[in-house]
Amino acid sequence: MKDIATPNRTKMILEKHGFSFKKSLGQNFLIDTNVLNRIVDFAELGSDSGAIEIGPGIGALTEQLAKRASKVVAFEIDQRLLPILGETLAPYEHVKIIHSDVLKANVKQVMNEEFAEGQDVMVVANLPYYVTTPILFKLLEEDLPIRGVVVMMQKEVADRIAAGPGTKDYGSLSIAIQYYTEAETVMTVPRTVFVPQPNVDSAVIRLMKRPKPLVEVKDEEFFFAVVRASFAQRRKTLMNNLSNNLAGIPKDKAMLEKILLEIGIDPKRRGETLTIEEFARLSDALYAQKTAV
Ligand code: SAM
């Protein structure tokens, strides 16, 4: 049997089931096995590895993962795809499809149930573009026992992830990714390898989990609250953003200014110019004040 991801077989499968794409679910299916194989290569799966996929569609990527991993677990939100996947993936008994919105799923529990303790597991997916950022935050913040993530996304979001201080793309996503992972854009993908074709080009990024976060902070949750507040209104200074958007810190601007100066950060700077190390210093200094009040 030919691979699912060839243009002809995909067309046949879609026609047979009378499937119509839902744009609102980010349904752009891959029809190029070379691209799929390269994505799977970047995950460096061994024959004992497990894979988690988000949004299998009609199974194009799932099939390639199933050929290399010992177990594949895929979360699909669209019920109409379940009977199709039942057919297309019938030869692969070690694939499990879970009908669920991945954002609502208890991924940790699923991992406990489906994978062996200590098993090497990678997340590999062609993400639904409308929820790329929340999915990435979920994968990072839930501290899942995974080795890393190889995912396709809109090129624009990949640029945001890779952005450094002082650029327009730099934001809380860039900081969160750096904090938890080593990130790399491993390939760019033209829109022509999808049906239907999206309006944008795509990129595949690989995020390898760090053994421990890049910077040490006293309170992780507060660190991310400081980062979010600092980027809340890009045109405002760090001082203004912090005093307007961060709960639990001195509202007295003179005091806030003093704290910033003490840690060597000019209060007139904008949040988008701070490195992750500076954010860590800032968060710890504010946290000390917070707990002292
Ligand atoms: N993996 C397939 C491929 O590469 O051809 C399909 C990728 S398509 C870009 C995204 C898939 O994610 C669709 O099948 C869509 O129904 C599914 N999806 C969208 N939102 C989802 C969510 N919140 N949870 C799980 N799956 C979702």
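**Figure 1. Helix H6 in the predicted model.** Helix H6 covers residues 132-141 of a model that is predicted. Of its 10 residues, 8 are buried, so helix H6 is largely enclosed by the rest of the structure. The buried set consists of Thr132, Thr133, Ile135, Leu136, Phe137, Lys138, Leu139 and Leu140.

Figure 2. Met111 lies in helix H5, which runs over residues 107-114. Met111 has a relative accessible area of 5% and is therefore buried, the cut-off being under 20%. Leaving aside residues up to four places away in sequence, Met111 touches Ile52, Val121, Leu144, Pro145 and Ile146. Asp41 is 70 residues from Met111 in sequence, and the two C-alpha atoms are 22 Å apart in space.

**Figure 3. Interface of domain 1 and domain 2.** The domain assignment places residues 7-209 in domain 1 and residues 220-292 in domain 2. The centres of the two domains, taken over C-alpha atoms, are separated by 35 Å. At the interface, 12 residues of domain 1 contact 13 residues of domain 2. About 1,000 Å² is buried between domain 1 and domain 2, and 64% of this area is on carbon and sulfur atoms. On the side of domain 1, the residues that lose the most area to domain 2 are Tyr170, Ile175 and Tyr179, which together account for 46% of what that side buries.

**Figure 4. Polar and charged groups between domain 1 and domain 2.** There are 5 residue pairs in polar contact across the interface of domain 1 and domain 2, counting pairs with both residues at pLDDT 80 or more. Classed by residue type, the side of domain 1 that touches domain 2 has 6 nonpolar, 5 polar and 1 charged residues. The number of salt bridges between domain 1 and domain 2 is 0.

**Figure 5. The whole chain, for orientation of the close-up views.** The protein has 12 helices and 9 strands. Its C-alpha trace spans about 70 × 40 × 30 Å along the principal axes. Of the 293 residues in the protein, 53% are buried. Among contacts between residues at least 6 apart in sequence, 68% join residues at least 24 apart.

Methods
Residues numbered from 1 in each chain as written. Predicted model: local features only at pLDDT ≥ 70, side-chain atom pairs only at ≥ 80, totals over all residues. Heavy atoms only, no water. Domains from an automatic or database assignment. Contact = heavy atoms within 4.5 Å. Buried area = accessible area lost by both parts, 1.4 Å probe. Salt bridge = Lys/Arg side-chain N within 4 Å of Asp/Glu carboxyl O. Polar contact = N/O pair within 3.5 Å; in protein donor to acceptor, adjacent residues only side chain to side chain. Nonpolar A, V, L, I, M, F, W, Y, C, P; charged D, E, K, R; others polar. Helix = DSSP H or I, 4+ residues; strand = E, 2+ residues; numbered from the N terminus. Buried < 20%, exposed > 50% of the residue type's maximum accessible area, 1.4 Å probe, protein only.
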